[in-house]
Amino acid sequence: METYKLKNHFPGGAEHLKGKFLDETAFDLLITSDADGYDLHGNILFRYRKNAIPFELLRSGYLAFKDSIVLTDGRGISSGSSHKRIKKDGTVSNITIGNKVHSGNVGYMDASAMVHYCRKTAFAKDYFAKFKTGIPFVEFIDTKYKELCPEHYARQISIATGTNRNYRIGETSFTTVTVNRNFQTAVHKDSGDLPEGFGNLIIYREGGFKGCYFCLPEYRVAIDMQNCDILFADVHKWHGNTPFKEHDNNYKRIAFVMYYREYMYKCKQPKEELQKIKQEETGYLTL
């Protein structure tokens, strides 16, 4: 296994890269085998392991969660754009949207400015049996998280175990999985996840394609994710993907990102959350 010390090539900040799509001039080093990466101060940037996930388990996760993927404009700057929605009457909405991409959420969501209560994602609600078949896949990634990033894991699991049991995936430190299909993300930093945790990326591939490397442009490094590989990375650094290349007509790149939503610990019992829904929809606590 290789260990890399990586220089930050934008010590003044890389805000100018926000929302931009990278190409292969964005990196000098392409990681294709087991490796750990650190900045020059000794802070961990990533841990990458080849063939860490049994293929049948990876495929079972794909089959369980693939129906969560929809065409959405809700991915913000990672889609390459962040702008106000235009209403049918031509006026500007207060809702911020992005470019349309194929993406979905599995598991649970906390309250937000748009939806004021904790709940299952639409997929978990409508396809609960399928959702349950994917839990062993999530639990396996959780064990690798504990093994490879124990300090970050300890902080995250302590929050997760104190969270209402109805909003946690199995016995894991995760509440939510984002699932993307053939989505070249623009440069962004993850938000909405627990800041004290550490990010991850798992890829399921079908068909033929090259490229779409995960890239940390500040550090001029990219990682070639293949089936059964696992990556833990500091997703609060600027990151994005390089373009797809030489793909056939049936190519498929499914990206799984598992995380704990930052404010899920505030979620109440489902009965109390249901009261919020009733009150918001009707103005009353009972129907």
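Author: Cys118 and Cys267 are both buried, where buried means under 20% relative accessible area, exposed means over 50%, and partly exposed is in between (1.4 Å probe, protein chains only). Before going on, keep in mind that this is a predicted model, where local features need pLDDT of at least 70 and side-chain atom pairs count only at pLDDT 80 or more, while totals for chains, interfaces and linings use all residues. Residues are numbered from 1 along each chain as its sequence is written, and side-chain values use heavy atoms, with hydrogens and water left out.

Back to the pair: Cys118 and Cys267 form a disulfide, with 2.1 Å between their sulfur atoms; the cut-off for calling a disulfide is a pair of cysteine sulfur atoms within 2.5 Å. The angle about the S-S bond is -85 degrees, which makes the link of Cys118 and Cys267 left-handed. The structure holds 1 disulfide.

What about Cys149 and Cys215? Cys149 is in no disulfide, and the nearest cysteine sulfur, in Cys228, is 19 Å away. Cys149 is buried as well, at 2% relative accessible area. For Cys215, the closest cysteine sulfur belongs to Cys212 and is 11 Å off, too far for a bond. Cys215 has a relative accessible area of 0%, so it counts as buried.

Tyr265 is found in the loop between β18 (252-259) and α6 (270-282), and it is partly exposed at 42% relative accessible area. Together with Ile159 and Tyr263, Tyr265 forms a nonpolar patch on the surface, with about 280 Å² of accessible area in total. Patches here are made of residues with over 30% relative accessible area and no salt bridge, joining like charges within 9 Å and nonpolar side chains (Val, Leu, Ile, Met, Phe, Trp, Tyr) within 5 Å. The areas come from the Shrake-Rupley method with a 1.4 Å probe, and for residues only the protein chains shown count as cover.

Next, the charged contacts. Side chains of opposite charge can pair when their charged atoms come close. The rule used here asks for a side-chain nitrogen of Lys or Arg within 4 Å of a carboxyl oxygen of Asp or Glu, and by it the count comes to 13 salt bridges. One of them joins Lys245 and Glu24, at 3.1 Å from N to O. Lys245 sits in strand β17 (residues 244-245) and Glu24 in the loop between β1 (2-6) and β2 (29-31), so this pair links distant parts of the chain, 221 residues apart. Lys245 is partly exposed, at 30%, and Glu24 is partly exposed at 30% too.

Another salt bridge pairs Asp67 with Lys130, with 2.3 Å between the closest N and O atoms. Here Asp67 is in the loop between α1 (55-65) and β5 (70-72), while Lys130 is in helix α3 (residues 128-133), 63 residues apart. Asp67 is partly exposed at 30%, and Lys130 is partly exposed at 32%.

Then there's Arg49 with Asp36, whose closest N and O atoms are 2.9 Å apart. Arg49 lies in strand β4 (residues 44-49) and Asp36 in strand β3 (residues 35-39), so the pair ties together parts that are 13 residues apart in sequence. Arg49 is buried at 14%, and Asp36 is buried at 5%.

Finally, zooming out, the protein chain comes to 6 helices and 18 strands. Buried residues make up 50% of its 287 residues.

Note on methods:
Helix = DSSP H or I, 4+ residues; strand = E, 2+ residues; numbered from the N terminus.
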